[in-house]
Amino acid sequence: MVLRAALPADALDLAILGERLWRETYTGLIPASNLELHLAKTFGATQQAAELADPACRTLVLEHNGALLGYALLRIGDPEFEKPAFHFVKALEVARFYVDAMLHGQGAAQELMAAVLDQAAAAGHDGVWLQVWERNARAIRFYSKAGFSDAGEATFRVGEQVDRDRLLVHDLMVRPL
C-alpha cells in the first residue's frame, strides 16, 4: 500500500473512486434521486481536477498496484456556518475521508488519518474538523478512536434533502503520543 499526495493526473481515478465509495456507503440509505444529484455535483473529473488545483485543498490517496483504494480531501478553513462550536487559529477540514471496504480492519484508514494529522500539524494547523452523518455510527467510532471529539451539530445537503451531521474536532495541540 502506498500513501501519497494526489497528482493532477489522478483526477479521473479520484472521481471514479469517490463516486463508487459514496454509492457503496449510501445506496439504500439516501433516496436515489438525492444520491444522483449529489454525485453529479460532487464527483467527476472536472470537479476533482478543480480540487486538485485549488491551493486551499490537498488530497492524500491510498494506492495499491496502481489502483486508488482510499483518499482524504483536506481543505483549509473554518466551517461556513455561523458560530462554530470550536475555535482554531488555523483550522483544516477533512472534507472527505473514504477507504475501500476491502481495506476495512487492515489499518489502512488509521494510516491515512495519521498522515492527515501529521500533515496538518506540519503545516502549522492547530486543529482539524470534519462533519459526519449522525447515522454513520461506524465512522463516528473510527473518528473518536482517532482523537476527534464531538463539538455539536451541522447540516449537510445531499441533493434536495438536508441531513443532520455531527461536527467533530481534533485539537492538534493535545495529540496523544
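The following exercises, each with a worked solution, concern a predicted model.

Local features are reported at pLDDT of at least 70 and side-chain atom pairs only at pLDDT 80 or more, while totals for chains, interfaces and linings use all residues. Residues are numbered from 1 along each chain as its sequence is written, and side-chain values use heavy atoms, with hydrogens and water left out.

**Exercise 1. Describe the open sheet: state how many strands it has, their order and its edge strands.**

Solution. Helices (H or I, at least four residues) and strands (E, at least two) are DSSP runs, numbered from the N terminus. Two strands pair if DSSP finds at least two bridges between them.

Step 1. The open sheet has seven strands in the order β1-β2-β3-β4-β5-β7-β6, and the pairing is mixed.

Step 2. β1 (2-5) and β6 (149-158) are the edge strands, each pairing on one side only.

Step 3. On average, neighbouring strands of this sheet are turned by 25° against each other, direction ignored.

**Exercise 2. Determine in which sense β2 pairs with β3, β4 with β5, and β6 with β7.**

Solution. Step 1. Strand β2 (residues 57-64) and strand β3 (residues 67-76) run antiparallel and are joined by eight bridges. Leu60 has Ala72 in β3 as its bridge partner.

Step 1. β4 and β5 pair in the parallel sense, over three bridges. Here Ala91 has Gly127 in β5 as its bridge partner.

Step 2. β6 and β7 pair in the antiparallel sense over eight bridges, and Glu153 has Arg166 in β7 as its bridge partner. These two strands form a hairpin with two residues between them, and Gly159 in the turn has a positive phi of about 65°.

**Exercise 3. Characterise the packing of helix α1 against helix α3.**

Solution. Two packed helices are described by the angle between their axes and the distance between the axes.

Step 1. Axes are lines fitted to C-alpha atoms, for helices over the stretch in contact, and angles run from 0 to 180 degrees between N-to-C directions. The axes of α1 (residues 11-26) and α3 (residues 45-53) come within 8 Å and cross at roughly 115°.

Step 2. A crossing is left-handed if the near helix is turned anticlockwise from the far one by less than a right angle, and right-handed if clockwise. The crossing of α1 with α3 is right-handed.

Step 3. Contact means heavy atoms within 4.5 Å. Ala11, Leu12, Leu14 and Ala15 in α1 meet Ala45, Gln48, Ala49 and Leu52 in α3. By class, this contact has seven nonpolar residues, one polar and no charged ones; Ala, Val, Leu, Ile, Met, Phe, Trp, Tyr, Cys and Pro count as nonpolar, Asp, Glu, Lys and Arg as charged, and the others, Gly among them, as polar.

Step 4. Gln48 of α3 is 34 residues from Leu14 in sequence and 6.7 Å from it in space, C-alpha to C-alpha.

**Exercise 4. Classify Gln48, Asp100 and Asn65 as buried or exposed.**

Solution. Buried means under 20% relative accessible area, exposed over 50%, and partly exposed in between (1.4 Å probe, protein chains only).

Step 1. Gln48 counts as buried because its relative accessibility is 3%. Residues up to four places away in sequence not counted, Gln48 touches Ala11, Leu14, Ala15, Thr42, Phe43 and Arg96.

Step 2. Asp100, in the loop between β4 and α4 (108-122), is buried because its relative accessible area is 7%. The side chain of Asp100 reaches the backbone nitrogen of Met102 at 2.8 Å. Not counting residues up to four places away in sequence, Asp100 touches Arg20, Leu21 and Leu69.

Step 3. Asn65 lies in the loop between β2 and β3 and is exposed, because its relative accessible area is 74%. Most residues other than glycine have a negative phi. Asn65 has a positive phi of about 50° although it is not a glycine.

Key:
A polar contact is a pair of N or O atoms within 3.5 Å; within protein, one must be able to donate a hydrogen and the other to accept it, and residues adjacent in sequence count only if both atoms are side-chain atoms.
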